[in-house]
Amino acid sequence: MKKLVFQSTVKPYEEANSREDRIKVDHENGLYAIADGAGGVGLFAGEWAEYLLENLPLTPFISKLEFVKWHRDIKEKYIRDRRRYVIEERPDLLLKFENEGSLSTLLVLWHNKKDNTMSYLSYGDSVLFVFTRKYWSSMESYADFLQRPYLISCYHAPAEEHIDLDSIPISKGAKYVLCSDTLSQYLMASYYFTSDIEEHKDVLNIIEADYETLSQYTIDLRKKGFEQKNFTNDIIKPLLQAGKNELSFKEYLYKLYDEGVLGYDDYSLIKL
């Protein structure tokens with residue numbers, strides 16, 4: 001494996017303690033994960049994201065049902081501890097916590113170094129990319145961002161139909177990149193704009209006619225000349241180079257945000 005790159009930074013120009021993304025890098029055990037706490041609903045998004053990562057098993061889930069059972073086993077302590085905190089410190093928030101709880105997405109990559117295999121789990125819209133001479137992502141299409149993200153609740157069991165659990169081949173020289181949602185949108189859109197595949201061009205045209213937030217974002221990228229960019233040299237290499245340092249990562253992504261090519265969000269990345 002090449003040198004690890006991993007960073008997580010808060011929304012542009014916000015206080016650092018407001019970051020709701022969490023990352024986990026356990027290189028010794030081959031465990032890498034991003035949990036994107038959902039701050040738009042419920043409470044304690046970052047705390048729930050952190051709790052999910054703290055309790056991840058060191059080996060992959062063998063089935064979707066095992067993941068559901070894992071969630072059932074760990075959630076009660078979190079609910080109990082958070083409820084106690086709310087009652088003692090913020091009783092005004094009790095009704096909101098009881099009604100909405102805490103929510104997060106989850107993306108996990110396991111690398112079994114003994115047999116050199118990789119497995120991943122995805123729930124939500126953070127994305128695993130594999131860059132070789134070809135491109136692969138755990139999200140099937142850029143158009144999937146039109147859907148609301150599936151979220152793991154501290155109360156309700158994850159829906160098995162929304163769990164993506166699979167193994168992936170290991171390729172010599174490949175880059176394995178985990179990204180939180182908004183950074184994933186930027187990478188997928190950039191790839192589609194620079195791709196010669198007609199299906200990708202069709203997806204962009206469909207999205208641009210959809211009159212949704214993603215539609216305007218896609219239109220803006222086209223206006224800024226993303227069709228003329230080189231995906232490797234103009235998109236991937238600068239991002240991974242910036243990711244080698246906490247400050248440069250933050251400054252580079254804030255620059256992309258100021259240029260109008262990256263949405264407003266926390267940004268997290270892990271590169272193997």
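Look at threonine 218. A polar atom of its side chain sits 2.7 Å from the backbone oxygen of leucine 214. Keep in mind that this is a predicted model, so every value here is computed from it.

Where is threonine 218? It belongs to helix 6, which covers residues 213-223. Is threonine 218 buried or exposed? Its relative accessibility is 0%, so threonine 218 counts as buried; the cut-off is under 20%.

What does threonine 218 touch, beyond residues up to four places away in sequence? The list is Tyr142, Phe193, Leu204, Ile207 and Glu208. There is also a distance to serine 190. That residue is 28 residues away along the chain, and the two C-alpha atoms are 9.4 Å apart.

Now take one name from that list: glutamate 208. It lies in helix 5, residues 198-208. Glutamate 208 has a relative accessibility of 15%, and therefore counts as buried. Set aside its neighbours within four places in sequence. Then glutamate 208 contacts Ser215, Thr218, Ile219 and Arg222.

Next stop, serine 102. Find the loop between helix 3, residues 94-100, and strand 4, residues 103-104. Serine 102 is in that loop. Its relative accessibility is 0%, so serine 102 is buried as well.

Which partners does the side chain of serine 102 have? One is the backbone oxygen of leucine 43, at 2.6 Å. Another is the side chain of tyrosine 78, through a polar contact of 2.8 Å. Both residues are also in the contact list of serine 102, which leaves out neighbours within four places in sequence.

Phenylalanine 44 deserves a look of its own. It sits in the loop between strand 3, residues 31-36, and helix 1, residues 45-54. Its relative accessible area is 15%, so phenylalanine 44 is buried. Now the backbone. Most residues other than glycine have a negative phi. Phenylalanine 44 is not a glycine, yet its phi is positive, at about 60 degrees.

Asparagine 116 is another case. Its phi is positive too, near 55 degrees, and this residue is not glycine either. Asparagine 116 is in the loop between strand 5, residues 106-112, and strand 6, residues 117-123. How accessible is asparagine 116? The value is 43%, so asparagine 116 counts as partly exposed.

Let's step back to the whole protein. It has eight helices and twelve strands. The radius of gyration is 19 Å, close to the 19 Å that the globule rule gives for 272 residues, so the protein is as compact as a globular protein of that length. Along its principal axes, the C-alpha trace spans about 55 × 45 × 35 Å.

How much of the protein is buried? Buried residues are 50% of the 272. Now contacts between residues at least 6 apart in sequence. Of these, 72% join residues at least 24 apart.

Last, the surface and the charges. The protein exposes about 13800 Å², and carbon and sulfur atoms supply 47% of that. There are 34 positive and 44 negative side chains. The centres of those two sets lie 6 Å apart.

That's my tour. Over to you.

Methods. Residues numbered from 1 in each chain as written. Predicted model: local features only at pLDDT ≥ 70, side-chain atom pairs only at ≥ 80, totals over all residues. Heavy atoms only, no water. Helix = DSSP H or I, 4+ residues; strand = E, 2+ residues; numbered from the N terminus. Rg over C-alpha atoms; globule rule 2.2 N^0.38 Å. Buried < 20%, exposed > 50% of the residue type's maximum accessible area, 1.4 Å probe, protein only. Contact = heavy atoms within 4.5 Å. Areas by Shrake-Rupley, 256 points an atom, 1.4 Å probe, with all protein chains shown as cover. Lys, Arg positive; Asp, Glu negative; His and termini not counted. Charge placed at Lys NZ, Arg CZ, Asp CG, Glu CD. Polar contact = N/O pair within 3.5 Å; in protein donor to acceptor, adjacent residues only side chain to side chain.
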